Amino acid sequence: MRRLIYLLPLLLFVGVGVAFLRGFDRDPRDIPSALIDKPAPEFSLLPLPGYKEGLSNATLKGDVTLVNVFASWCIPCKAEHPIITRLAREQGVTVRGINHKDKAEDAIAWLNRNGDPYASIGVDLDGRVSIDWGVYGVPETFLLDRQGRIRFKHVGPLTPQVVEEQILPMVKHLRSAS
């Protein structure tokens, strides 16, 4: 029994060491989402002033859609914005936005400065809809199929590599599947 008491700290130390080593093999941006292959959460957001259409479940059906959660105060959002613009303009991907905890006038000024690739933008002033989507922080991007099911989630700013290796192949697959 005394040996077990002396071995317990050693066993705990080894166990913690193994857990740390396993953690180093993972990409910290690879945050699993319980929503993959499930319908987008029920929601309805008012439009950003000047937009005809807000964002709701109904606007996410019918076409393969990229939903980008962004804010004017978000520095990484500005870094990924040209990539999102190219997706919408050059690749023909429908992009819709969730404006997260932002002032309307700031969001409008930001879009006027940086360009506007969004087919519609819903305003999430209190961040509740973003929480329902499982958003940890901005930017985050989701790819939805024609039925409005979430098929892919990317945490952090999109990069050309993520677009070329993951998003565009999945868009092509989802468009040809229906």
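Which residues of β6 lie on one side and which on the other, and are they buried or exposed? S120, G122 and D124 sit on one side, I121 and V123 on the other, and all are buried, where buried means under 20% relative accessible area, exposed over 50% and partly exposed in between (1.4 Å probe, protein chains only). In a regular strand, side chains alternate between the two faces of the sheet.

This is a predicted model, in which local features need pLDDT of at least 70, side-chain atom pairs count only at pLDDT 80 or more, and totals for chains, interfaces and linings use all residues. Residues are numbered from 1 along each chain as its sequence is written, and side-chain values use heavy atoms, leaving out hydrogens and water.

**The sheet**
- Six strands form an open sheet with mixed pairing, in the order β1-β8-β7-β4-β5-β6; strands (E, at least two residues) and helices (H or I, at least four) are DSSP runs numbered from the N terminus.
- At the edges are β1 (38-39) and β6, each pairing on one side only; two strands pair if DSSP finds at least two bridges between them.

**Around β6**
- Together, β5, helix α3 (residues 104-114) and β6 make a right-handed β-α-β unit: with the strands pointing away from the viewer, the path from the first strand over the helix to the second runs clockwise.

**Another pair**
- β7 (residues 140-144) and β8 (residues 149-155) pair in the antiparallel sense over 5 bridges.
- L144 has I150 in β8 as its bridge partner.
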